Amino acid sequence: MTSEGTHPVRLPMRIARAAGQFVLDTLFPPSCQLCGAETDRAGLLCIDCFKRLTPINAPFCRKCGHPQPSAAYLNEMGCCAQCERSPPVWNEARGAFLYDKAAKDLILQLKYADRQEHARFLGDKICRVALGVLDQACIVVPVPVHRKRLLKRRYNQAALLAWVVSKQAEAQCLPDALVRVTPTNSLAGFSRQERYRELAEAIVVKPRYKDELAGKNIVLVDDVLTSGATASACTKALKAAGATSVSVLVAALVPGQSDGDLDFPVSGG
Ligand SMILES: [Zn+2]
Ligand SMILES: [Zn+2]
């Protein structure tokens, strides 16, 4: 930080800004992003809603990000038994919350109800669990959505999160480095193995970014990590382009090993 706080010329501006904020707060009192109850500042959740969230704290597996009952459940590499048996293709993963009711409300509103302001709250929480994964030298890349879905929804929620995360880390963000060349709806009804195979071909790196990604540590950002089929496909594409490592950061992890995949809603979305 510089001496911005004490700069005499900036003082009137700060007073004007504070006065403007006071008027705004009086006219539109800051409210909880989920339930609308009054809060101290804009962009926060009220205490009751915050309590309904389940933040992921240590000990957690560094490979899948899942919380563990105790550190004894992790091997010397910090991996859980599941990841030791079948390690994910990505290097590390972290999730800010478990995907329970409150996290689901936030994420579904971000995804489908145009509540883009949730990206700031969730992106901020993602950064808090990203120690050792996220730094200025890495490149932040969101999980892509197919352009058909982008046209319908107007924005990619993963790209909003990636943007917030990269800003906080002062890292470079390449929002369109990965592209989904096959729409996900066409995969509905496929078995787990078929989805993995189809997705591997559905997600590719844009050729013009290959040089930029080669030799870099990539941080892949998404809203939810479920079965990992999508994150695996993204990781494989990034590693094929020469990325040194790929780590996954998500707002929420779905507890337990689920064969269902939230990345594949059966009917549109
Ligand atoms: Zn609330
Ligand atoms: Zn694990």
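How are the donor residues of the zinc ion (ligand 1) spaced in sequence? Point 2 has the answer, after a word on the model.

1. **What you are looking at.** This is a predicted model, in which local features need pLDDT of at least 70, side-chain atom pairs count only at pLDDT 80 or more, and totals for chains, interfaces and linings use all residues. Residues are numbered from 1 along each chain as its sequence is written, chains are lettered from A and ligands numbered from 1 in the order in which they are written, and side-chain values use heavy atoms, with hydrogens and water left out.

2. **The zinc ion (ligand 1).** The donor residues follow the spacing C-x2-C-x10-C-x2-C. They are Cys32, Cys35, Cys46 and Cys49, each giving its SG atom at 2.3 to 2.4 Å from the zinc ion. Donors are N, O and S atoms within 2.8 Å of the metal (3.2 Å for Na, K and Ca); water is not among the atoms, so sites may look incomplete. Cys35 and Cys46 both lie in the loop between helix H1 (11-27) and helix H2 (47-52), so this pair ties together parts that are 11 residues apart in sequence. Helices (H or I, at least four residues) and strands (E, at least two) are DSSP runs, numbered from the N terminus.

3. **Its geometry and surroundings.** The angles among the 4 donor atoms of ligand 1 are 106 to 116 degrees, and the site is tetrahedral; for four donors that word requires all angles to lie between 85 and 135 degrees. Cys46 is buried at 10% relative accessible area, while Cys35, at 47%, is partly exposed. Here buried means under 20% relative accessible area, exposed over 50%, and partly exposed in between (1.4 Å probe, protein chains only).

4. **The zinc ion (ligand 2).** Cys61, Cys64, Cys80 and Cys83 coordinate this ion through their SG atoms at 2.3 Å. Their spacing reads C-x2-C-x15-C-x2-C. This site is tetrahedral too, with angles of 104 to 116 degrees. Cys80 and Cys83 are both buried.

5. **The sheet.** Follow the order E1-E7-E6-E2-E3 and you have an open sheet of 5 strands with parallel pairing. Two strands pair if DSSP finds at least two bridges between them. Strand E1 (92-98) and strand E3 (172-173) stand at the edges with a single partner strand each, so one side of each has no neighbour in the sheet. E6 (residues 217-225) and E7 share 8 bridges, and Leu220 has Val248 in E7 as its bridge partner.

6. Ser247 sits in strand E7 (residues 245-253) and counts as buried at 7% relative accessibility. Beyond its neighbours within four places in sequence, its contacts (heavy atoms within 4.5 Å) include Asn91, Val133 and Leu220.

7. **Salt bridges.** The whole structure holds 10 of them, a salt bridge being a side-chain nitrogen of Lys or Arg within 4 Å of a carboxyl oxygen of Asp or Glu. One joins Asp124 and Arg128 at 3.2 Å; both lie in helix H5, 4 residues apart, about one turn of the helix.

8. **Asp176 and its partners.** Asp176 meets Lys206 in a salt bridge of 3.2 Å. This pair links distant parts of the chain, 30 residues apart: Asp176 is in the loop between E3 and E4, and Lys206 in the loop between strand E5 (203-205) and helix H9 (210-213). Asp176 also meets Arg208, at 3.6 Å.

Terms used: Tetrahedral: all angles 85-135°; square planar, octahedral: opposite > 155°, others 65-115°.
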